[in-house]
Amino acid sequence: MPKFDSAALENLTRQFHQLPGIGRKTAERLALYIFKTSEQEAKELAEAVVRVKTEIRTCERCYNITEKELCPICENTQRDAGTICVVEDVVDILAIEKSNEYRGVYHVLGGVISPLAGVSPDDLHIQSLLNRVANEPVKEVLLAINPSTEGEATMIYLSQLLKKNNVKVTKIASGIPLGAHLEFIDDATIGRAIQSRSEI
Ligand SMILES: [Zn+2]
């Protein structure tokens, strides 16, 4: 594979190439773009990357992304603390919030149980979810996990644990195609799936 005749440009290309969804050609184009941009713009980009790691943390309650102890959703007293929507990842919160159909709070699992990928229940934020159900006025846990084989197995695992805590466990309605990610589904479909959720 041809490489840039500059160690710095080649290094930046490799860094971009490591990002999700960025192929070698796109990485080369981005690296060249940075080379052509002004020093000021390049510095701003570099600072933005560092800021994400130094100023952003995860919410102590729900593991959403925040700059404070609690995220804006957990802090918002207008939200219904009696319903916790369990999602795999922070991007799923963004997708559900865009639908404007959900007024409860969230809990980010951090993935799904996957023996093949070496992800066990202990690797996910499951114990903290059970603690919340035990200590907060939670009436319903809505499972909004992406419908894959691992996702389905994770939902069954969670519902068995949660039901021991006398809480209603629901999941978002089918209509979200198997293997699809919430992040790529339109707002209206997510909205409908939340409205017509069913108990499991
Ligand atoms: Zn939060």
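I looked up the contacts of V86 (heavy atoms within 4.5 Å) and, not counting residues up to four places away in sequence, found that V86 touches H107, L109, L129, V141, L142, L143, A144, I145 and L158.

I then turned to the nonpolar cores, each a set of buried Ala, Val, Leu, Ile, Met, Phe, Trp, Tyr and Cys residues joined through side-chain atoms within 4.5 Å, where buried means under 20% relative accessible area with a 1.4 Å probe, protein chains only. The largest has 42 residues, of which V86, I96, L158 and L162 touch the most other members. Among the elements that each supply at least two residues of this core are β3 (80–87), α5 (90–99) and α7 (149–163). Apart from this core lies another, of five residues, including L9, A27, A31 and I34.

I noted that the model is predicted, that local features need pLDDT of at least 70 and side-chain atom pairs pLDDT 80 or more, while totals for chains, interfaces and linings use all residues. Residues are numbered from 1 along each chain as its sequence is written, and side-chain values use heavy atoms, leaving out hydrogens and water.

For the chain as a whole, I counted eight helices and seven strands, taken as DSSP runs (H or I, at least four residues; E, at least two) numbered from the N terminus. Buried residues make up 39% of the 200 residues.

Last, I checked the domains, whose bounds come from an automatic or database assignment: domain 1 covers 7–55 and domain 2 covers 78–199, and their centres, taken over C-alpha atoms, are separated by 34 Å.

Conventions
Buried < 20%, exposed > 50% of the residue type's maximum accessible area, 1.4 Å probe, protein only.
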